[in-house]
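Open the model in your viewer and keep the selection tool at hand. The tour goes stop by stop.

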Protein chains: 2
Amino acid sequence: MTQDHNTALAAGWRDGFPTAGHAVQRPRERAIFAPPHNRWAFSHLRELQPTRNVWRGNGPVAQLPRALRPELDSLPFARFGDGAPTDWLGALQAIHADGAVVLHRGRIVYERYFGALGELGQHMAMSVTKSVVGTVAAMLAADGALDEHARVTHYIPELAGSAFGSATVRQVMDMTTAIDYSEEYADPDAGVWKHARAGELLPRPAGYAGAEGYRQFLQTVQAAPGAIRHGDAFAYRTVNTDVLGWLVARAATQPVAEVLSALVWSRLGAEQDASFAVDWQGAEFAGGGLCCGLRDLARLGEAMRLGGFYNGAQIVPEAVVADIRRGADPARFALAGYTRLAGWSYRNMWWVAHDAHRTFTAQGIHGQALHIDPVAEMVVARFASHPLAADAHLPTSMPAFRALAAHLMGEGG
Amino acid sequence: MTQDHNTALAAGWRDGFPTAGHAVQRPRERAIFAPPHNRWAFSHLRELQPTRNVWRGNGPVAQLPRALRPELDSLPFARFGDGAPTDWLGALQAIHADGAVVLHRGRIVYERYFGALGELGQHMAMSVTKSVVGTVAAMLAADGALDEHARVTHYIPELAGSAFGSATVRQVMDMTTAIDYSEEYADPDAGVWKHARAGELLPRPAGYAGAEGYRQFLQTVQAAPGAIRHGDAFAYRTVNTDVLGWLVARAATQPVAEVLSALVWSRLGAEQDASFAVDWQGAEFAGGGLCCGLRDLARLGEAMRLGGFYNGAQIVPEAVVADIRRGADPARFALAGYTRLAGWSYRNMWWVAHDAHRTFTAQGIHGQALHIDPVAEMVVARFASHPLAADAHLPTSMPAFRALAAHLMGEGG
């Protein structure tokens with residue numbers, strides 16, 4: 001698959017788009033997640049979807065000093081699982097990375113682009129979006145605008161008939177709602193894809209009779225069968241973030257994109273506006289629809305690494321960052337059965353490792369990552385378009401980030 | 001209609017979009033040009049359509065000093081046609097203006113927003129887009145990258161089977177091609193709307209079997225019946241600009257949006273990125289799909305007023321601006337039968353008045369305008385969402401601009 005994928009990129013680009021009539025064309029049947037077309041599509045989502053702007057404000061760009069470390073490309077490490085040897089650049093290629101930026105002590109020590117992405121481009125952040133929305137929601141909660149102890153229906157009466165109606169805002173924020181919904185990416189009938197079809201991120205079949213828009217779909221989600229109740233266990237379900245986005249919009253009486261701009265993006269010294277995929281009802285795809293430049297994503301990671309203080313201002317309250325870093329209850333997380341993430345938790349939509357480096361990380365399907373290592377003073381921002389949605393990038397993600405951290409701390413240099 | 005239109009605006013806005021379930025909802029059947037929904041839609045096009053970014057670059061914003069003249073609101077003038085008395089603000093309200101900025105000697109003397117537009121918003125420029133694309137094309141021609149004497153097929157072999165194949169680039173630039181195509185906005189089956197449906201700017205009926213994308217539609221356009229030949233007469237046809245956009249993309253080997261950014265938008269000191277509606281094949285709607293902030297449109301007008309020199313640089317070559325100001329042949333223009341525009345011409349997609357003030361202007365349906373009056377040292381940028389597409393704004397456009405010019409020159413103060 002790799003070869004086809006890369007061949008697709010090299011061939012037939014004209015007028016800014018894969019040429020009609022050429023063997024490699026625009027995403028077939030508008031299936032933007034399907035390889036090989038996903039590679040172009042993930043770097044050009046706003047050319048395929050309605051979007052809402054996330055304004056960068058009109059302040060100066062926050063400069064990122066450069067201190068490139070060319071040796072990083074050949075930094076060796078062993079893959080998860082099979083233990084096979086690889087290196088940093090080889091791992092990026094293996095996961096079909098579209099770009100990677102590494103900051104060490106705030107300086108760019110690595111920056112590379114691949115595929116259809118460049119330094120001025122934007123890439124779909126997939127579920128890295130969740131951590132951004134979770135942070136914004138936690139900021140509203142810290143500010144008193146969003147009550148984490150309230151029921152979801154306090155803000156969204158429209159969800160009274162769904163399983164979300166009886167959940168608290170906090171249960172949504174930590175994904176401990178008990179809902180009947182599948183996040184099985186390999187199953188085309190999974191709830192996650194029904195949700196995507198409701199928002200027209202995926203094409204609809206002829207005679208489509210499902211929900212119109214993300215928020216109408218949320219109203220149809222029912223309680224999990226059996227004895228499990230809200231709060232019992234972590235279960236990674238994208239729709240929680242879309243409920244959280246709706247909560248953010250209601251609490252702030254602004255669309256999610258505007259809240260994000262006001263609270264974060266306009267204060268970050270971002271180089272570019274970001275962009276949020278919206279459905280035809282105007283709802284952001286809060287679970288995965290943020291598109292942004294890679295260096296701007298790294299700036300956000302740097303702000304989180306520094307306890308929320310960046311570009312001369314306390315952008316995210318220090319208490320919000322501290323709460324994320326403390327994480328949630330690993331016992332509830334363990335019930336989700338992620339054997340490769342033993343001891344982890346999920347707090348305000350961030351993955352928290354509870355490891356010696358106190359790392360916390362945002363992850364998205366097809367290989368997206370924003371990885372923060374406070375002890376190594378390191379931030380890794382990575383975009384990718386792996387042909388497979390889930391997990392295929394894992395063997396070359398965490399071990400690569402750990403090797404990098406050790407190297408930058410001088411243990412592996 | 002006015003009352004409904006304004007009532008629509010006041011009512012039912014929640015979560016950033018007209019509320020589902022409320023009497024006033026999102027554009028019905030996705031018909032974004034239909035009132036009253038057009039008012040919201042024209043100020044939020046990228047939330048309804050795929051778009052391509054027009055990057056502002058990373059330079060500082062070109063400051064526009066303010067010297068507001070509050071008396072302009074009540075500036076009286078007589079409407080075209082019936083001669084009825086009105087005033088500047090009344091005329092803006094009558095045409096459903098969404099915003100107006102007036103520059104006099106480079107200073108903002110008037111700035112007001114209405115409807116769903118604000119100073120940070122963007123509005124669809126409609127056919128004002130044509131003048132922007134025409135200017136970019138003329139810049140490429142001046143630079144030698146685009147040969148105005150060449151046949152269209154020299155750059156676009158795909159158009160060999162259409163009427164455009166035998167036209168020259170210059171004939172496309174001045175809209176003197178002889179094609180079988182209707183620009184009758186009141187006729188839902190007119191070519192202009194077929195073109196829009198091909199690009200999915202308008203919704204397609206069930207069982208749609210027309211062209212897929214703007215450029216496929218262009219390939220179907222046939223020669224005008226009868227004896228008329230390319231070059232004989234001016235005929236205002238949107239598809240010419242879409243051919244010109246395709247020519248620009250081919251000559252520059254970049255999408256139109258990127259050419260516009262590189263040659264103009266990134267040098268203008270714009271406040272915002274602009275946005276270009278694209279179809280699912282990635283082609284810009286060059287005839288009408290530019291969306292931008294109102295002050296940025298005024299900056300472009302100011303650059304044109306100043307012979308192309310603005311923000312410390314010769315953005316548009318002086319010879320290109322001079323060529324536009326000289327205009328085309330009014331005799332060929334007269335054949336189009338615009339009785340209210342006697343003596344005018346159309347050059348590089350600008351309307352040229354050949355009047356004492358040497359005014360030249362960009363115009364778009366539903367009331368869009370970028371009006372440049374070199375003698376009065378005045379630029380007017382105006383966005384609107386008049387319920388009717390064509391001409392309804394004319395009685396309050398040119399006479400309003402003339403009254404304003406006279407006033408600012410001290411004749412009417």
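Begin where the two chains meet. This is a predicted model, and in it 26 residues of chain A are in contact with 27 residues of chain B. Stay on the chain A side and select strand E3, residues 51-54. This strand gives 3 residues, the largest share of the side of chain A that touches chain B. Now colour that side by class.

Next, a helix pair within chain A. Select helix H4, residues 128-142, and helix H10, residues 256-263, both of chain A. Their axes lie 10 Å apart and the packing angle is about 70 degrees. Angles of 65 to 115 degrees count as roughly perpendicular, so H4(A) and H10(A) are roughly perpendicular to each other.

Which residues meet at this crossing? Show side chains. From H4(A) come A:Val132, A:Val133, A:Val136 and A:Met139. Facing them from H10(A) are A:Val256, A:Val259, A:Leu260 and A:Leu263. This contact has 8 nonpolar residues, with no polar and no charged ones.

Last stop: chain B. Select helix H10 of chain B, residues 256-263. Of its 8 residues, 6 are buried, so the helix is largely enclosed by the rest of the structure. Pick out the buried ones: B:Val256, B:Ala257, B:Glu258, B:Val259, B:Leu260 and B:Ser261.

Notes. Residues are numbered from 1 along each chain as its sequence is written. Chains are lettered from A and ligands numbered from 1 in the order in which they are written. This is a predicted model: local features need pLDDT of at least 70, side-chain atom pairs count only at pLDDT 80 or more; totals for chains, interfaces and linings use all residues. A residue is buried if 20 or more other C-beta atoms lie within 10 Å of its own, exposed if 12 or fewer, and partly exposed in between; C-beta atoms are placed from the backbone. Helices (H or I, at least four residues) and strands (E, at least two) are DSSP runs, numbered from the N terminus. Two residues are in contact if their C-beta atoms, placed from the backbone, lie within 7 Å. Axes are lines fitted to C-alpha atoms, for helices over the stretch in contact, and angles run from 0 to 180 degrees between N-to-C directions. Angles under 35 degrees count as roughly parallel, over 145 as roughly antiparallel, 65 to 115 as roughly perpendicular and the rest as oblique. Ala, Val, Leu, Ile, Met, Phe, Trp, Tyr, Cys and Pro count as nonpolar, Asp, Glu, Lys and Arg as charged, and the others, Gly among them, as polar.
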